[in-house]
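Okay, thanks for coming, everyone. I'd like to talk through the salt bridges and the nonpolar cores in this one, so let me put it up on the screen.

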Amino acid sequence: MTHPLGNPPSKIIAVHLNYPSRAAERGRTPANPSYFLKPPSSLAGTKEPIVRPRGCRLMGFEGEIALVIGSRAQRVRPEDGWSYVRWVTAANDAGVYDLRYADRGSNLRSKGADGFTPVGPRLLDAAQLDPAALRLRTWVNGELVQDDTTDTLLFPLGELVADLSRLLTLEPGDVILTGTPAGASVVEPGDLVEVEVTDGKVSSGVLRNPIATADHDLEPWGAQPRADRAETESAYGTAYVPEPLLDDDLADGLRSVAVATLSSQMRQRGLPHMSLDGVYPAVPGTHMVGVAHTLRYLPLREDLFKRFGTGMNAQKRAIEELRPGHVLVMDARRDTSAGTLGDILALRAQQRGAAGVVTDGGLRDSAAVAALELPVFHGGAHPSVLGRRHVPWDTGVPVACGGALVQPGDLIVADDDGVIVVPPDLATELIADCQEQERQERFIAEQVRAGESIDGLYPMGSKWQEQYRTWCLKNDSATRAARAIEGERA
């Protein structure tokens, strides 16, 4: 097979996730880059067909920017990484998801088949390019399906070179595939995939590869094609959404008790600082239960906002990382003089299945947000965008929201009295004790309505214990009878 690289490289290294848009599709954002190898025999050039093995249905394409190393790189620094790149060109990191299970993690057979790494058609001089100003576009049958730029990469191109060179030597001619943006999906025999890299002045030309099917059956020895639902959704580019994070019975238990009662019970356990102060429901009467996913804002610094505040920033990543049952907890340092959430992102959070959002900052589009079916607790309405006061910084880290420490995975419960953090390991016993406390309070309220003094009654003293036990037996019997009647009607 012909390609513009001439001699084959010693290795082809591909990055798993690098574009925020793709990370959002996958539902996770890595803290560090991870890689897999593709064999040099997978290289191909433009116009050469990508052949789908018989028995496979999920032929995936991934438009990518390919870097070609120009000089030997060992333990180079991130600021020097780009100087070791000689050429830049377009690539298609093709593969069949039907065989991904067979070499889980390595992708050897699913992405390493002959012809599964077309590159070209032209090599661009890296010395003449700004690595943060490249644009990648992919078309399928003439329709634009991928369009992204390198200014918001999770891991800048030069840093990839430095990271890899810490432990392995990059030789001249080695190829690094730098990740694919959102839009990668499945193609069928007869489709045409086209990929281009440009900086607005020069172009790699359009890499064109038709999809074909093999003229022979896949031999019966070795792993055979297969794909489950998750693999199919992954191939088509939709995030696989797992089951809700919180057990239904636990969620119902937390929902059955008041935040004030939870606060009281945690204070008895030496935890008096669990409330998120200064936040209020967008809609009175809202009750919210979920698992914390966190987002941290830092004070505005104009020189850093372009890098951290634009594109697929931490705020947008946090929204796209939400899973059913998550409550997004935003730490805005109790600064309500700029919005931290608006109607579009609130709508997206609702579509992601979020259980709610809490921010100790401002809320934009408050009327539109209140009209959604999404519980939102906030520090106050404000018309300004977040860039007036905040830089979205990171997600999935411990935060201080409303003066309370919230860790990812903590349970969040809210009602009209406010929002509280519940440690997951205490939830079951808290529910039982809260339900008992609220039952006692119902008994006490009945006595007060009947004219009794609160002396010795609230809190309930020993002289009321026997009467309380009798009241409980009577009420439990009534409850069981009511449930039996309901069962017969059903």
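This is a predicted model: local features need pLDDT of at least 70, side-chain atom pairs count only at pLDDT 80 or more; totals for chains, interfaces and linings use all residues.

Residues are numbered from 1 along each chain as its sequence is written, and side-chain values use heavy atoms, with hydrogens and water left out.

Back to Arg 469: what does its side chain meet in a salt bridge? That's Glu 466, at 2.8 Å, N to O. By salt bridge I mean a side-chain nitrogen of Lys or Arg within 4 Å of a carboxyl oxygen of Asp or Glu. Both residues sit in helix H12 (residues 465-489), three residues apart, or about one turn of the helix. Helices here are DSSP runs of H or I with at least four residues, strands are E runs with at least two, and both are numbered from the N terminus.

Over the whole structure, the search finds 26 salt bridges.

Arg 348 bridges to Glu 320, with the closest N and O atoms 2.8 Å apart. Arg 348 is in helix H9 (residues 343-351) and Glu 320 in helix H8 (residues 314-321), 28 residues apart. Glu 320 is buried, at 15% relative accessible area, while Arg 348 is partly exposed at 29%.

Okay, on to the nonpolar side. A nonpolar core is a set of buried Ala, Val, Leu, Ile, Met, Phe, Trp, Tyr and Cys residues joined through side-chain atoms within 4.5 Å. The largest one has 43 residues, and Met 59, Ile 65, Leu 67, Trp 82, Val 88 and Leu 170 touch the most other members. Elements giving two or more residues include strand S6 (63-69), strand S7 (85-92) and helix H3 (157-165). Helix H3 gives the most, with five residues. Apart from that core lies another, of 36 residues, among them Ala 251, Val 279, Leu 411 and Leu 426.

Conventions:
Buried means under 20% relative accessible area, exposed over 50%, partly exposed in between (1.4 Å probe, protein chains only).
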